[in-house]
Amino acid sequence: MISKHWEEAIAPLVALSYEGDIIGVNHAFAEMLGYSTDELTQQHIEKVMDNGAKFVFNSVLYPKLRMEKKIQEIYLTLQHKNREPIYVIFNAQVIEPEHIIHCFVVPMSQRMEYVKEIRAINKVLKETVEEKTRLHEELVIVNRELKFYAERDFLTKLYNRRIFMKKAEQTYEKFQQSNRLFSFCILDVDFFKQVNDQYGHHMGDEVLMGLAEEMRNYFDSSCTLARFGGEEFIILLPDKNEKEAYEIADQFRERVKLQSWHGVSVTISLGVNMVSYPSEVSDIIVGADRALYKAKANGRDQVML
């Protein structure tokens, strides 16, 4: 619909639907044709055209609008309510995504008077379209960020538990269909409470973020990495049996021992478990978790099956 500002504009303005129905007019347009705004609203634009204008509109103007989204400086003859012809210059532009056609109709006798206003209106139109485009692009970015953080742990940017379980279930379905093995590895930072107590929770967060980055650097893209809660992380290792998963986990354990985050070094304990019949995903994770606690009970800084 045309805005209140346009309704009060001097230049005759009309808004059409994609089907050519009049969905809004200003007083200048209605008065030029001898109608009230109510008489024209919801009528088809052909109501104010003679047969020649109808032919031009349907065969030239409308197809051009559909293809190019705008037309400028087209001469057209409209018809007054008393059947007298009114010679005008017709300008129009399609406003997306609403699919509304905004038309600016300038009587030939007043062309020079309205040139400046038409240019101003076109400028407003351009600025409006540019603003809508900018807002749309910002919305796309915001939606992308919302989707990212709906799937990720806010601190480490790894997958959260919900998404990890979804991907684990999908991997288990592949195992059922084609017997493709996979293993889970759960790891926990040793004595993490001491890190928080000694250096503060901010440093504890730095260690968790650093460990997550080390995981991204070490495990290949086929692996699914997630923060499972607190200082506990979980990795899905596709196409890896227990022996292969154990070796990968142990190499990562050694790698972590060499790292330091703002002068703080830690060790990790890991538990590994492989899929087997007739286990469910939750059973396999519980098995990996039991192996983790076994590793911690045996002195930490080790991998257990």
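What we have here is a predicted model, in which local features need a pLDDT of at least 70 and side-chain atom pairs count only at pLDDT 80 or more, while totals for chains, interfaces and linings use all residues. Residues are numbered from 1 along each chain as its sequence is written, and side-chain values use heavy atoms, with hydrogens and water left out.

Let me start with helix α7, residues 192–199, where helices are DSSP runs of H or I with at least four residues and strands are runs of E with at least two, numbered from the N terminus. Phe192, Val195 and Asn196 are buried in α7, buried meaning under 20% relative accessible area and exposed over 50%, with partly exposed in between, for a 1.4 Å probe and protein chains only. These three lie on the same side of α7 because they cover an arc of only 95° around the axis, taken from the directions from the axis to the C-beta atoms. Lys193, Asp197 and Gln198, on the other side of α7, are exposed. Among what covers the buried residues are β6 (182–189) and α8 (201–218), contact meaning heavy atoms within 4.5 Å. Just after α7, Gly200 has a positive phi of about 100°.

Now to the pair: Phe164, Met165, Ala168, Glu169 and Tyr172 in α6 meet Val281, Ile284 and Ile285 in α10.
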